[in-house]
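Trainee: I am new to this structure and would like a close look at a single part of it. Could you take me through how the neighbouring helices pack against one another, with the terms explained as they come up?

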Amino acid sequence: MSEADQLIDVLTSEEVEAIEAEIAHLPDRESAAMEALQIVQANRGWVSDASLSAIARLLGMSAAALDSIATFYNLIFRQPVGRHVIMTCDSVSCFVMGCEKVHKAIEESLGVSPGETTEDGRYTLLPIVCLGACDRAPVIMIDDELHGDVAVEDVPAILERYP
Ligand code: FES
């Protein structure tokens, strides 16, 4: 098997098909970079170096160029994450509305600091810049669900919803 085949082999045939379907709508293969990263992340939870190289090869671009796209969009995870990813906004509106107390309550409840994953692999806690819902500050996002106007007292019930 050639090196190229081995890299492509890292991806499942379903992933390759889904990425090719995205490419079909776009002017060139590289334009599907973000969609391709999202497809693989949706399937695996994160994008490993091997996956990244395979996607880059499929798109006909360098792994370094694809990695810079993945790094720019902080919703692409380049390290393993827990079953659920909690993103805590610490930008201005959330800060003014007291997000620090909410973040502390989450950290204490989970026993982790920002950037860490709980020992049981249930949650990864990540700080993030503005989630674009400032009128509902303080805001957190768990997986793809936004929670606004979060009070410290709400934290246990919110976490409970993500087994
Ligand atoms: S500042 Fe937190 S959502 Fe905008």
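Mentor: What follows places the helices within the whole chain and then goes through their packing pair by pair.

This is a predicted model, in which local features need pLDDT of at least 70 and side-chain atom pairs count only at pLDDT 80 or more, while totals for chains, interfaces and linings use all residues. Residues are numbered from 1 along each chain as its sequence is written.

The secondary structure of the chain comes to eight helices and four strands, where helices (H or I, at least four residues) and strands (E, at least two) are DSSP runs numbered from the N terminus. Read from the N terminus, the order of the elements is α-α-α-α-α-β-α-α-β-β-β-α. The domain assignment gives domain 1 (3-72) and domain 2 (84-160), with bounds that come from an automatic or database domain assignment, and the C-alpha centres of domain 1 and domain 2 lie 29 Å apart. Along the principal axes, the C-alpha atoms of the chain fill a box of roughly 55 × 35 × 25 Å.

Now to the packing itself. Two packed helices are described by the angle between their axes and the distance between the axes. Axes here are lines fitted to C-alpha atoms, for helices over the stretch in contact, and angles run from 0 to 180 degrees between N-to-C directions.

Helix α2 (residues 13-24) and helix α3 (residues 33-44) pack at an angle of about 155 degrees, their axes being 9 Å apart. The two are therefore roughly antiparallel to each other, given that angles under 35 degrees count as roughly parallel, over 145 as roughly antiparallel, 65 to 115 as roughly perpendicular and the rest as oblique. α2 passes α3 in a right-handed crossing; a crossing is right-handed if the near helix is turned clockwise from the far one by less than a right angle, and left-handed if anticlockwise. On the α2 side the contact is made by Glu-15, Ala-18, Ile-19 and Glu-22, and on the α3 side by Glu-35, Ala-36, Ile-39, Val-40 and Asn-43, with residues being in contact if their C-beta atoms, placed from the backbone, lie within 7 Å. These residues divide into five nonpolar, one polar and three charged, where Ala, Val, Leu, Ile, Met, Phe, Trp, Tyr, Cys and Pro count as nonpolar, Asp, Glu, Lys and Arg as charged, and the others, Gly among them, as polar.

α3 also packs with α4, at an angle of about 145 degrees and with the axes 11 Å apart, and α3 passes α4 in a right-handed crossing. Here Ala-33, Ala-36, Leu-37, Val-40 and Arg-44 in α3 meet Ser-51, Ile-55 and Leu-59 in α4, a contact that has six nonpolar, one polar and one charged residues by class.

The axes of helix α4 (residues 49-59) and helix α5 (residues 63-72) come within 9 Å and cross at roughly 115 degrees, which makes α4 roughly perpendicular to α5. α4 passes α5 in a right-handed crossing. Leu-52, Ser-53, Ile-55, Ala-56 and Leu-59 in α4 meet Ala-63, Leu-66, Asp-67 and Ala-70 in α5, and by class this contact has seven nonpolar, one polar and one charged residues.

Note on methods: Two residues are in contact if their C-beta atoms, placed from the backbone, lie within 7 Å.
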